[in-house]
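This report describes the pockets, cavities, helix packing and strand pairing of one protein model. Please consult the sequence and structure shown below while reading.

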Amino acid sequence: MIRMLATACAATLLAASCAPGWATAPPPRPLAPCAWWYGIGEPPTDEDLELAAKRYDVVVLNATETEAMRTLHELNPKVKVLVYKDLSSTRNYPGAVHGDTDATWLPSGIGYFDAQRNNPQWFALDTAGKRIEWNGYPKHWQMTVWDPAYQKAWAKAVTEEVTREGWDGVLADNDFNTLSHYSSAILEGTANAQQTDRKLRDGLDAFLAVAGTALEKAGKMFVPNVSETHLIPGRWTAHGRFSGAMEENFGFRDDGGTGGLITFRGNEWEELRAQAALGESWLLLITKTTDDRQERAGYASAALLAGPHTCWTRATTETYLDPEWSHLQDTGLGEAVDRATRHTNGVWTRTYTGGWVAVNPTATAATVKPPGGLVDLKGAPVTQVELAAADGVVLVKPERGSAAGTTRGDGGR
């Protein structure tokens with residue numbers, strides 16, 4: 001009941017403050033996006049960790065990196081360090097197993113050989129009775145996420161590990177919407193792809209409740225990487241109700257890179273806004289960038305969601321090899337002074353103590369007028385902005401230009 005009331009209050013914050021006397025705490029500060037590191041690529045170096053302690057509010061590492069986690073906690077106790085765990089697969093590639101033995105530190109909740117020897121029924125089967133290996137990801141095997149016994153075993157094993165080793169919580173990957181991203185298989189007992197996906201989604205809905213509750217009771221964070229929430233109203237809110245959620249395709253452009261920004265479609269954008277306004281849980285946002293437009297659109301969109309736990313990063317590689325940083329994170333926007341506003345041409349804007357951001361999430365170009373006295377990041381005055389489709393802009397006050405290149409260094413705030 002408390003969480004439901006809080007969500008209702010968050011929705012109200014988008015239009016006005018909550019009813020007088022309802023809340024005793026001051027509203028959360030709508031700060032510019034913090035930075036985070038999805039560090040599941042190469043093992044971090046000492047230099048990586050020193051930089052991470054200064055730059056990031058949240059860091060996600062593989063389960064093998066327990067020493068790196070402890071180093072980060074020593075360097076900056078405010079940084080939240082989460083361990084990567086996959087909800088939907090078990091794996092038997094080298095590293096996840098050693099010969100015919102599961103590794104000590106798993107990328108999943110349940111080891112491949114543990115399941116094979118003790119609970120083979122936890123391997124999902126297709127209509128031919130065969131196990132389902134993910135396309136493009138050899139030796140990743142789909143598990144029965146709908147099975148209550150699997151859910152409880154995963155939650156128990158992961159909660160015990162996180163508590164024992166001292167992680168702040170879990171980044172739970174592959175809370176997905178459809179199996180088709182990994183396999184064209186039809187699950188045993190279902191008639192078609194739609195029924196397969198419904199079985200997986202319903203299973204993950206229940207799974208999230210089991211795992212999130214277990215970790216919450218242990219005082220640990222639980223953040224799922226939930227996909228395609230623009231397609232299912234309420235899914236972001238429901239799956240992010242424990243400690244927040246991760247959006248791995250934030251600011252993704254539709255129609256093969258020629259359309260608008262998918263994040264703004266359906267109900268997802270309003271759910272993101274409500275969560276950010278409430279300020280109690282984390283929005284971990286990733287924009288995959290291959291050009292400057294994607295970087296601008298991603299960061300500016302995150303800035304529209306200003307909040308104490310709204311964190312953004314770009315990703316320049318699919319495998320997240322290195323710590324990422326964008327020059328836009330050095331612009332010193334400060335704190336938002338108004339709500340994000342949608343204009344009649346579809347452009348969204350928001351004003352900050354140190355500047356202003358605008359995003360055009362539509363598939364056509366648009367023009368918007370910024371507040372007076374602002375400059376671009378090269379110091380040139382700007383009186384009108386021509387925004388291409390699916391593009392964004394960050395403008396700053398003139399004195400902010402000299403701050404470019406600095407690092408906030410306030411992990412955890």
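## Pocket, cavity and packing

The lining of the largest pocket comprises 19 nonpolar, 14 polar and nine charged residues; here Ala, Val, Leu, Ile, Met, Phe, Trp, Tyr, Cys and Pro count as nonpolar, Asp, Glu, Lys and Arg as charged, and the others, Gly among them, as polar. The model is predicted: local features need pLDDT of at least 70 and side-chain atom pairs pLDDT 80 or more, while totals for chains, interfaces and linings use all residues. Residues are numbered from 1 along each chain as its sequence is written, and side-chain values use heavy atoms, with hydrogens and water left out.

The volume of the largest pocket is about 1100 Å³. Its lining has 42 residues, of which Y137, D173, N174, Y182 and E248 are the closest to the centre. A pocket is an open set of points on a 1 Å grid over the protein atoms alone, with protein on both sides within 12 Å along at least five of seven lines; a cavity is a set where a 1.4 Å probe fits but cannot get out, and lining residues have an atom within 4 Å of a point. Grid points are joined across faces, edges and corners, and a volume is the space filled by probe spheres set on the points.

Strands β8 (169-175) and β9 (221-226) each supply at least two residues of the pocket lining, and β8 gives the most, with three residues. Strands (E, at least two residues) and helices (H or I, at least four) are DSSP runs, numbered from the N terminus.

The whole structure holds two cavities of 30 Å³ or more. The largest cavity has a volume of about 50 Å³, and its lining consists of W36, W37, Y38, T313, R314, A315, Y320, D322 and E324. By class, these are five nonpolar, one polar and three charged residues. Both β1 (34-39) and β12 (310-315) supply at least two residues of this lining.

Two helix pairs are listed below, with axes fitted as lines to C-alpha atoms over the stretch in contact and angles running from 0 to 180 degrees between N-to-C directions.

| Helix pair | Angle | Axis distance |
|---|---|---|
| α5 (148-165) and α6 (193-217) | about 30° | 9 Å |
| α2 (46-55) and α3 (66-75) | roughly 45° | within 9 Å |

Helices α2 and α3 are therefore oblique to each other, whereas α5 and α6 are roughly parallel; angles under 35 degrees count as roughly parallel, over 145 as roughly antiparallel, 65 to 115 as roughly perpendicular and the rest as oblique. The crossing of α5 and α6 is right-handed, and that of α2 and α3 is right-handed; in such a crossing the near helix is turned clockwise from the far one by less than a right angle.

An open sheet of four strands has the order β13-β14-β15-β18, with antiparallel pairing. Its edge strands, β13 (341-342) and β18 (391-396), each pair on one side only; two strands pair if DSSP finds at least two bridges between them. Strand β15 (355-360) is joined to β18 by six bridges, and A358 has V393 of β18 as its bridge partner.
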